[in-house]
Amino acid sequence: MLPHLDAAYNLARWLMRNEHDARDCVQDAYLRAFQAFGRFRGGDGKPWLLTIVRNVCYSRLRQSLAIEPANAFDEELHGVVDQSAEDAERVRREASLELLHQTMEELPEAMREVIVLHDLEELSYKEIAAVVGIPLGTVMSRLARARLRLQQELRRRLDVTEETKP
Amino acid sequence: MNCDEARTLLAAHLDGELDVVRDAAVVAHLNHCPACAAQALAHAARRGLVQEKAMRHAAPADLRAGIVAQLRGTERPVVRPIPVVFLRQVLPIAAGLVVAGLIGFQWGAAHMRNEAAVDEYTTAYVRGTSTGHSLDVISTDRHTVKPWFVGKIDFAPSVHDFAAQEFPLVGGRLDRVAGQPAAVLVYHRRKHVIDVYVTQGGGSALPAIDKRFGFNLVSWTQDGLRYVAVSDLAASELGDFARLCQSAKD
């Protein structure tokens, strides 16, 4: 039994975007977690472990490529963006799993990770704030923005597919 | 609440992350603002998109085995010594404030020993359950498990089966924790494993109830022996189990 292995792998897989690097990061993270038991200050182990996984992933990503700075898109959307519910519903109905995967992988890391942590791993805003190291208010706005961006990207791709149909 | 305020809070409202007061204000606003209510629907659709489409990557089956093999080759974390810097800082203060300094230092050191001891138990539990070497004797019969320890350790743990209360005994093993031989009694609760470490006590005092890395730990003393129950089970259920053990009679 290893606690939270699926959660650790899921986060690493979405951040690294391939199985090989994800496996390496998870292995490394468990080793670090195991050696750092003593520094764990109680509470739920899942956010603690995911923080370690995230740190390992980011240090690898930094070695290989530049990460988009997170602030860039926290700023860009202070105004209210309207999207009709019908539009949102249509995307939800028509987007294939494959398209969704592809679009998620092309989101900036900072957006992808809050979606994974909240919508897939079901962490609370407070836990996400601790894992990512950002204020609670930023979690709220970044998550809303990340979902909107995902939706808009999906719609754009669906529209392109539609136009190319004979 | 105006529309701008309401819309910045819509996502948090749908995620159930708002405090009661602000949540009520959002609901009140949505009840009389069709435009914002429509936005709430759009939010809900976006939110459902990822959640409903089974996008979670499951860990590959062989990854678990790889990690376990790696951990098995790793030394158990050593008991943390008191850092030199800590001593350097504390000693001059103690010299000045002899009484206060000594009390504080001793409390601190005792606290660190406590934590190190707790770590030993959780680490033993994780190694036991993750390496597959969790049982040396497999039996649900306490009359098989108890005699198995005879000759292997020089004390006799109290062994009971609590299958009737849904904590079945599944067996036992020998282990070492905090530098002492331990008789480990293994119980199940649904899919959870409970290890009960029985030692002759002595060494660092342990807190009666503790929680570490998501594992709960309950300890008590009975007939001069120290019992420490460790599990990933919820604290309340592990507490029930500990009471059951303490009330059982041979």
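Predicted model: local features only at pLDDT ≥ 70, side-chain atom pairs only at ≥ 80, totals over all residues.

**Exercise 1.** Against which helices do the buried residues of α1(A) pack?

Step 1. List the residues: A:Ala7, A:Ala8, A:Tyr9, A:Asn10, A:Leu11, A:Ala12, A:Arg13, A:Trp14, A:Leu15 and A:Met16 are buried in α1(A).

Step 2. Ask what they pack against: the partners are α2, α3 and α7 of chain A, together with α4 of chain B.

Step 3. Check its length. Twelve residues at 1.5 Å a residue should span 16 Å, and the end C-alpha atoms of α1(A) are 16 Å apart, which agrees.

Step 4. Look just past the helix, where A:Arg17 takes a positive phi of about 65 degrees.

**Exercise 2.** Find out which residues of α2(A) are buried, and what covers them.

*Solution.* 

Step 1. Start with the dimensions: α2(A) has 17 residues and reaches 24 Å from its first C-alpha to its last, close to the 24 Å expected at 1.5 Å a residue.

Step 2. Pick out the buried positions, which are A:Ala22, A:Arg23, A:Cys25, A:Val26, A:Asp28, A:Ala29, A:Tyr30, A:Ala33 and A:Phe34.

Step 3. Identify the cover. It includes α1 and α3 (45-64) of chain A, and α4 (61-72) of chain B as well.

**Exercise 3.** Describe the largest nonpolar core and the contacts of A:Val53.

*Solution.* 

Step 1. Count the members: the largest nonpolar core has 63 residues. Those with the most contacts inside this core are A:Ala8, A:Ala12, A:Val26 and A:Val53.

Step 2. See which element gives the most to this core: α1(A) does, with eight residues.

Step 3. Take A:Val53 and leave aside its neighbours within four places in sequence. A:Val53 is then in contact with A:Ala8, A:Leu11, A:Ala12, A:Cys25, A:Val26 and A:Ala29.

Step 4. Finish with the other core, which lies apart from the largest one and has 36 residues, among them B:Ala117, B:Tyr125, B:Ala178 and B:Val196.

**Exercise 4.** How many residues of chain A are in contact with chain B, and which element gives the largest share?

*Solution.* 

Step 1. Count both sides: 43 residues of chain A are in contact with 43 residues of chain B.

Step 2. Name the elements of chain A that give two or more residues to its side: α1 (5-16), α2 (19-35), α5 (85-94), α6 (97-106), α7 (109-120) and α9 (136-164).

Step 3. Find the largest share, which comes from α2(A) with seven residues.

Step 4. Sort the residues on the chain A side by kind: 23 are nonpolar, eleven are polar and nine are charged.

**Exercise 5.** Is A:Glu89 buried, exposed or partly exposed?

*Solution.* 

Step 1. Locate the residue: A:Glu89 lies in helix α5 of chain A.

Step 2. A residue is buried with 20 or more other C-beta atoms within 10 Å and exposed with 12 or fewer. A:Glu89 has 17 C-beta neighbours inside 10 Å, so it counts as partly exposed.

Step 3. Compare sequence with space: A:Glu89 and A:Gln151 are 62 residues apart in sequence and 9.9 Å apart from C-alpha to C-alpha.

**Exercise 6.** Trace the strand pairing in chain B from β1(B) to β7(B).

*Solution.* 

Step 1. Begin with β1 (residues 137-138) and β2 (residues 169-177) of chain B, an antiparallel pair with two bridges. Here B:Val137 stands opposite B:Gly172.

Step 2. Move on to β3(B) (residues 180-189), which pairs with β2(B) in the antiparallel sense over eight bridges. B:Arg176 stands opposite B:Pro181 in β3(B). This hairpin has two residues between the strands, and B:Ala178 takes a positive phi near 50 degrees.

Step 3. Continue to β4(B), joined to β3(B) by seven bridges in the antiparallel sense. B:Leu185 has B:Val196 as its bridge partner, and B:Arg190 in this hairpin takes a positive phi near 50 degrees.

Step 4. Note the burial of β4(B): six of its eight residues are buried, so this strand is largely enclosed by the rest of the structure.

Step 5. End at β7(B) (residues 225-231), which pairs with β4(B) in the antiparallel sense over six bridges. The bridge partner of B:Asp195 is B:Val230.

Notes
Residues numbered from 1 in each chain as written. Chains lettered and ligands numbered in written order. Contact = placed C-beta atoms within 7 Å. Helix = DSSP H or I, 4+ residues; strand = E, 2+ residues; numbered from the N terminus. Nonpolar A, V, L, I, M, F, W, Y, C, P; charged D, E, K, R; others polar. Pairing = 2+ DSSP bridges. Expected span 1.5 Å × (residues − 1). Core = buried A, V, L, I, M, F, W, Y, C linked by C-beta atoms within 7 Å.
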